[in-house]
Amino acid sequence: MKRILSFLIALAILCSFPVVMGGAMEYSYDNMADFLNKMDILHGDASKGGSYDFDSYLTRAQFSKLAIAGSAYKNSVPYGTNTSPYSDVTRNHWAAGYIKVASQNKIISGYPDSTFRPENNVLLEEAVTIVLKLLGYTNQDFGGEWP
């Protein structure tokens, strides 16, 4: 399970950052979309005609959804939620359930001002921290400063 999760998160990270990779095995956007869809991790954006928009950066909300949907927590996301752990994530926000589950399980954290900033782009450091936490690492394992 950890191997699959690691692959999925790594794939999501690679898709979120424009990278030129020489000599790497190439996958088409259709291959990635099909894989993510079959794994029930990601579906196309209905507001964009089902587009996966692989050329765009991922937001913190989108990455939270990907991380939780590709983890053992995927079945604990409520369809509707009446609370939000952050002042800028309304209970009606499309990712509120994923953000809430990730926050409750200490996979993600917000900012000191009690915000999550769901529309900000996820930083590489944040994405790596989330992946490591999903793999079972704790704050004590990181040591020093980390995002």
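Q: Accessible areas here come from the Shrake-Rupley method with a 1.4 Å probe. What does the accessible surface of the protein come to, and what share belongs to carbon and sulfur atoms?

A: The protein has an accessible surface of about 9,100 Å². Carbon and sulfur atoms account for 54% of that surface. The model is predicted, not experimental. Of the 147 residues in the protein, 36% are buried.

Q: What is the mean pLDDT of the protein, and which elements have the lowest and highest means?

A: pLDDT is the predictor's confidence in each residue, from 0 to 100. The protein has a mean of 78, with 69% of its residues at 70 or more. By element, the lowest mean, 57, is that of helix α1 (residues 2-16), and the highest, 92, is that of α4. Over residues 17-22 pLDDT stays under 50, and the model has 5 contacts for this stretch beyond four places in sequence.

Q: How many helices and strands are there in the protein?

A: The protein has 6 helices and 0 strands. Read from the N terminus, the order of elements is therefore α-α-α-α-α-α. As for contacts, among those between residues at least 6 apart in sequence, 65% join residues at least 24 apart.

Q: Which residues of the largest nonpolar core touch the most other members?

A: The general idea comes before the case. In soluble globular proteins, nonpolar side chains tend to be buried together. The largest nonpolar core here has 29 residues, and those touching the most other members are Phe-63, Val-89, Ile-99, Ile-107, Ile-108, Phe-116 and Ile-130. Two or more core residues come from each of α2, α3, α4 (96-104) and α5 (124-134). Helix α3 gives the largest share, 6 residues.

Q: What does Phe-116 touch, leaving out residues up to four places away in sequence?

A: Phe-116 touches Arg-60, Ala-61 and Ser-64, then Tyr-86, Asp-88, Val-89 and Ile-99, and finally Ile-108, Ser-109, Gly-110 and Tyr-111. Two of these partners, Val-89 and Ile-99, are also on the list of core residues that touch the most other members.

Q: Which residues of α3 are buried, and which of α5?

A: An α-helix has 3.6 residues a turn, so residues three or four places apart point the same way. Helix α3 is mostly covered, with 9 of its 10 residues buried. The buried residues of α3 are Arg-60, Ala-61, Phe-63, Ser-64, Lys-65, Leu-66, Ala-67, Ile-68 and Ala-69. In α5 the buried residues are Glu-126, Ala-127, Thr-129, Ile-130, Val-131, Lys-133 and Leu-134. After α5 comes Gly-136, with a positive phi near 105 degrees.

Q: How many salt bridges are there?

A: Side chains of opposite charge can pair when their charged atoms come close. The cut-off used is a side-chain nitrogen of Lys or Arg within 4 Å of a carboxyl oxygen of Asp or Glu, and the count comes to 2 salt bridges. One pairs Arg-60 with Glu-126, with the closest N and O atoms 2.7 Å apart. Arg-60 is in helix α3 and Glu-126 in helix α5, so this pair ties together parts that lie 66 residues apart in sequence. Another pairs Asp-113 with Arg-117, where the closest N and O atoms are 3.3 Å apart.

Q: Where does Thr-59 lie, and what is Thr-59 in contact with beyond four places in sequence?

A: Thr-59 is in the loop between α2 (29-38) and α3 (60-69). Its relative accessibility is 11%, so Thr-59 counts as buried. Beyond four places in sequence, Thr-59 contacts Pro-118, Glu-119, Asn-120, Asn-121 and Val-122. The Thr-59 side chain reaches the backbone oxygen of Pro-118 at 3.5 Å. Thr-59 and Leu-123 are 64 residues apart along the chain, with 8.8 Å between their C-alpha atoms.

Q: Which residues does Tyr-98 touch, not counting those up to four places away in sequence?

A: Tyr-98, in helix α4, touches Ser-64, Lys-65, Ile-68 and Val-77. From Tyr-98 to Tyr-73 the C-alpha distance is 9.1 Å, across 25 residues in sequence.

Conventions:
Residues are numbered from 1 along each chain as its sequence is written. This is a predicted model: local features need pLDDT of at least 70, side-chain atom pairs count only at pLDDT 80 or more; totals for chains, interfaces and linings use all residues. Side-chain values use heavy atoms; hydrogens and water are left out. Helices (H or I, at least four residues) and strands (E, at least two) are DSSP runs, numbered from the N terminus. Buried means under 20% relative accessible area, exposed over 50%, partly exposed in between (1.4 Å probe, protein chains only). Contact means heavy atoms within 4.5 Å. A polar contact is a pair of N or O atoms within 3.5 Å; within protein, one must be able to donate a hydrogen and the other to accept it, and residues adjacent in sequence count only if both atoms are side-chain atoms. A nonpolar core is a set of buried Ala, Val, Leu, Ile, Met, Phe, Trp, Tyr and Cys residues joined through side-chain atoms within 4.5 Å.
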